[in-house]
Every structure is written in structure tokens, then in C-alpha cells.
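User: I've got a structure open and would like to go through it step by step. Can you help me read it?

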Amino acid sequence: MTLITDVRLRRILDSRGNPTVEADVLTESGGFGRAAAPSGASTGEYEAIERPASEAIAAAREHAVPRLVGEAYAGNQREVDGALRAADGTDDFSKIGANSAVAISMAAAKAGADVLGAPLFQHLGGTFRGQNFPIPLGNVVGGGEHAADATDIQEFLSAPVGAPSVDDAVFANAAVHAKVSDLLAERGVACGKGDEGAWAPSIDDDEAFELVDEAVSAVSDEVGFEIGFGLDVAAAEMYDDENDVYEYSDTTCTTDEQIEYIATLVDEYDLVYVEDPLDENDYGAFAELTDRVGDQTLICGDDLFVTNTERLATGIDRGAANSILIKPNQIGTLTDAFDAIELATEHGYDSVVSHRSGETEDATIAHLAVATDAPFIKTGAVGGERTAKLNELIRIADDAT
Ligand SMILES: C=C(OP(=O)(O)O)C(=O)O
Ligand SMILES: [Mg+2]
């Protein structure tokens, strides 16, 4: 029933206005799935390769589509993803492009679910999923590679850890986003938004900490549950490997100083989450920081692990970080993303399923998070391509009750 009969690929717009790959997968019994690839700006050195959309589409049509149509079953995700890997033949999807691969992989999953008549999360995760929902981490202030002339730290994330439901959590993040806007207006700071819809004011990181701290406390008092906050430092973007220093707008610091700085921030602001506080090649420094504050907060590897089981296994061996960011397009297929989550869970690492800064209306990651019982999802706070995922979580929860 789920035998693939057609794979259609096209160029569509992403949220930055760039071309990205969309895939439609059709099956013998009329099943249909459509998915689109997201795209990063602060990409990790070890990510699978995204090719220009037109090239990725041409390469996938030539090499991958013939291995899928009439050959693979959409309901068998490992078979589909195995065919994509075989068609590509490289470790990093540099032939067909990780953008084509991930779009086809996710579209096949949706086609499989369509044939089975099950929600995607249930097709992927089984009948007992849909009881637990991830805590959404909502980007409310940001800079780095996502906005010019804003904070050095890439993302300040609202984290409604005490929310009684996913619906409450999603609305709490939107309220923190709105509160930050009010506080900026009170201070006379005009600002636009960055790529993920977070405010991108021209203020320094110290002021951003003050603002976000005040905003989460105020909203927490209003809603009556705990809201913490966290960061994506995206430190690999600041790291100057020639001089072995982290470069901030007004200062530089050594690796030891960076560890000290982050540990101090964790204490001072009770941070619940710190992503990529150190360079993507420095497992040792990640391990040192995790040893120091890993019992107080999540230290998450994004550019460090790139959703790659081999890199995660190295991190586990070395005690580097205690959680992993999961971005399917960093590795190329849903199967690889699942394997990374399973390895993480087995070793007590929390998974944080994540969007990219360049997104589409595709909501697959909402289902992936529910399917894998991931404790967190990072997918912005506002903006259509972000609310597509947040609203899908609300719908999944609503359908489950
Ligand atoms: C979402 C992120 O940004 P990008 O997609 O630009 O890598 C991130 O770094 O976690
Ligand atoms: Mg990151």
C-alpha cells in the first residue's frame, strides 16, 4: 500500500526569502506527503551539506528518485532513508544535498502516515505517544548571525518549565516576547526582528540579560507558573581559532574565561538551558563546563553534535554536554535524527528538537518531538513559520484529549 509511485521536487521560498526544496511523495494507494527543508545561518562545521536548491533537486531527481519510485515503501522509514543514503553515496549528502534528502525523508513519513490514517507522531512513535509534550523554548531576543547590530549571544530563550500544558507554555512564550517589546519601548529602544522573529535590539548582552530576566519574571507572576530562561550562545561563531579566543563586541576571552563567564551566568540568572557555550571542536571545554554546572542546567550541543551519532558518542565518552539539539536537516534523514535521539536517551542526554533560522510552514518537527517523547522543542515564539510548529503542537495535544 505504501509503495512509492512518485516523488515530486520543487523550489519554494523559505522565511528568509531564499529558495529551498519541497518534496511530495505519493504512494500506490493514494497516500500523499509533502515536506520542505529548512536552512541554517549559523551552521556547524560538521553538518551535512545543503546544496543550492536547484542543484539539489536536479541531483535528487537523477540519483534518488529512481531508487524510490516503485522500489521503496513510504511506510518503511529506514528503507526510504537507506535508499537516500545509497543514492547519495557520501557521508554528508554532498551529492544530492541534505536539503533534498531531508525533504524527501519527511515527505515519505507523512505519506506513510497518510496511508495508515494515523497522525504523523503516532506513525513515527507508536500508539503510546501523544501523552507527553515538549517544553517549547521561545527565542525572544537575539543577534549573532541572525541579526545585524544586535546582541553577541545569538538567542535568549524563554523556557516555561512550570507550564501545566503545552498550550499554556506556547502562550507564555508569546507573552514574554510581547513583554520584552514593552520593556524596550519603555527604555526608548526601537528595534526590528531577527531571522527567527526574536527582537533584535542594538543593546549589549548585559542589558539583554536584565530585560529578559525582568520579562520572564513579570510573565511568570501573571500566569502563575515558573518561567526560566536560557541561551543559545552559538559560540563557534565567536571563536577565533588562530588566537584561541572568543570575540565579543567589546572584549575577547580565553576558553577558561568563557567557561567562567558561562558558569557565572548560570548561577546569576538561574539559566535552565545553555546551548553551544563553547566552540564546536572543544569537547574538553564542554566537559569542563558540564562538570561544573551540568547538575544545575542543560548544556546542549548543537554545532558540537550536529545530530550525528558518532559525534554524540564522542561527547558521551568525554562527558561533554548533557543534552543534544536535534535538527533533521543537519544529518539528512529522519532515521538518523531518530537514532541520535535514541542514543541520547540511552545515555541520559535530553533531546531538544529544533527548527532552523530559515524555515517554512512545515511542521514535521512538532510531530518528531512528540513521537520521540523529547523533553524540549526549540521553534521560536512568534512568526508564521514558527507558529506553524507551535500551533501543530497545540492541535496534537487537543486531539489527544
Ligand atoms: C536554530 C539555530 O540557528 P541556525 O538554524 O541558523 O543554525 C541554532 O543555532 O540553534
Ligand atoms: Mg544553536
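User: How much area do domain 1 and domain 2 bury between them?

Analyst: Keep in mind that this is a predicted model. Domain 1 covers 4–117 and domain 2 covers 135–400 in the domain assignment. Carbon and sulfur atoms account for 48% of the area hidden between the two, and the total is about 2,500 Å².

User: Which residues of domain 1 lose the most area to domain 2?

Analyst: Three residues stand out here, and together they make up 23% of what the domain 1 side buries. They are Pro38, Ser42 and Tyr46.

User: How many residues of domain 2 are in contact with domain 1?

Analyst: The centres of the two domains, taken over C-alpha atoms, are 27 Å apart. Contact is counted from both sides: domain 1 brings 34 residues, and on the domain 2 side the number is 29.

User: What is the distance between the closest N and O atoms of Asp195 and Arg16?

Analyst: A salt bridge needs a side-chain nitrogen of Lys or Arg within 4 Å of a carboxyl oxygen of Asp or Glu. Asp195 and Arg16 form such a pair, with their closest N and O atoms separated by 2.7 Å.

User: Which element supplies the largest share of the side of domain 1 that touches domain 2?

Analyst: Polar contacts also cross this interface, with 23 residue pairs found, both partners at pLDDT 80 or more. On the domain 1 side, strand E1 (4–13), strand E3 (32–36), helix H3 (77–88) and helix H4 (98–116) each give at least two residues. The largest share is seven residues, and it comes from H4.

User: How many residues on that side of domain 1 are nonpolar?

Analyst: Sort the residues of domain 1 that touch domain 2 by type: nine are polar and nine are charged. The nonpolar ones number 16.

User: What average pLDDT does the protein chain have?

Analyst: The model scores ipTM 0.99 and pTM 0.98. Going residue by residue, 100% score at least 70, and the chain average is 97.

Methods: Residues are numbered from 1 along each chain as its sequence is written. Chains are lettered from A and ligands numbered from 1 in the order in which they are written. Side-chain values use heavy atoms; hydrogens and water are left out. Domain bounds come from an automatic or database domain assignment. Contact means heavy atoms within 4.5 Å. Buried area is the accessible area (1.4 Å probe) that two parts lose on being put together, summed over both. A polar contact is a pair of N or O atoms within 3.5 Å; within protein, one must be able to donate a hydrogen and the other to accept it, and residues adjacent in sequence count only if both atoms are side-chain atoms. Helices (H or I, at least four residues) and strands (E, at least two) are DSSP runs, numbered from the N terminus. Ala, Val, Leu, Ile, Met, Phe, Trp, Tyr, Cys and Pro count as nonpolar, Asp, Glu, Lys and Arg as charged, and the others, Gly among them, as polar. pLDDT is the predictor's confidence in each residue, from 0 to 100.
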